[in-house]
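Please study the structure shown below alongside its sequence. The paragraphs that follow lead through a few of its local features.

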Amino acid sequence: MTTSAFPPPCVPLDGVDAALQSQGFALIAAADVRRWLPADVAELDALHAGWDNLPADAYLKDGGHYRRRRHSCFVVDGQSVQQAPHRAHWQPLEYNALHGGMQRMFDPMQPEHVALPVWSRLLTRVGEAVSALRGTQPWFVEAHPFRIDTTDGIGRPTPEGAHRDGVDLVAVFMLGRHRIKGGESRVFEADGPSGQRFTLTEPWSLLLLDDARVIHETTPIQPLVNGELGWRDTLVLTYRSGGFQGD
């Protein structure tokens, strides 16, 4: 039995704002992301190098050992980026039935990666997208570098299932896939029947989500070869007005 990988319905750069407004999400191909930031491959590879040193997630309630991550917070106001004091990641049960209500204190992003010029450009560029959607204002950003692997034979990018994050915008950068199958992204209307499914495969392709309008999930991953370790790397950024969740 074979499984089809649905190609992502990417939009051109001049259609990103309209797609977010009309359908609640927008997909940007990797080459367009590099132009959009702007950033070259070497800059993005230098940032992605941090994913080889992510600590294990000690809070997984399903008992799994398949997720490694860090967490840092920033305030983005126009072209200004300020790192916030390190804090726990908190979500209400309303948005995360599995891990909501917990103060989860993860290790912060490494200073040498936060200091890369491409990091500030990335944060401000996504900030421009959410400002086009919601109006210009300071944005409270939580950054989540994730590696989901097949240590347990299966890895779950979204163990909480289809969900919203309780923010204004979610940005999911696909950084890389290594010898895995699965990991299909699914986006559904929060208050309607429509949905899309597709598989992100290009390093540094990007999915932008209007968190008020859509829910999202990613299906589990499995190794291409039984017993051989595989993984899926992503960078998830959430942008929220007014303050961080839990304030």
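Which backbone oxygen does the side chain of Ser205 reach? It is that of Glu202, at 2.7 Å, a polar contact being a pair of N or O atoms within 3.5 Å in which, within protein, one must be able to donate a hydrogen and the other to accept it, while residues adjacent in sequence count only if both atoms are side-chain atoms. The model is predicted, with local features requiring pLDDT of at least 70 and side-chain atom pairs pLDDT 80 or more, whereas totals for chains, interfaces and linings use all residues. Residues are numbered from 1 along each chain as its sequence is written, and side-chain values use heavy atoms, leaving out hydrogens and water.

Ser205 belongs to strand E10, residues 205–210; strands are DSSP runs of E, at least two residues, numbered from the N terminus. Ser205 counts as buried because its relative accessibility is 4%, where buried means under 20% relative accessible area, exposed over 50% and partly exposed in between (1.4 Å probe, protein chains only). Beyond its neighbours within four places in sequence, Ser205 has contacts (heavy atoms within 4.5 Å) that include Ile28, Val33, Phe173 and Leu200.

Elsewhere, three strands form an open sheet in the order E9-E8-E11, with antiparallel pairing; strands pair if DSSP finds at least two bridges between them. E9 (195–198) and E11 (214–218) are the edge strands, each with a single partner, so one side of each lacks a neighbour in the sheet. Strand E8, residues 185–189, is joined to E11 by 5 bridges, and Ser185 has Thr218 as its bridge partner in E11.

Methods
Helix = DSSP H or I, 4+ residues; strand = E, 2+ residues; numbered from the N terminus.
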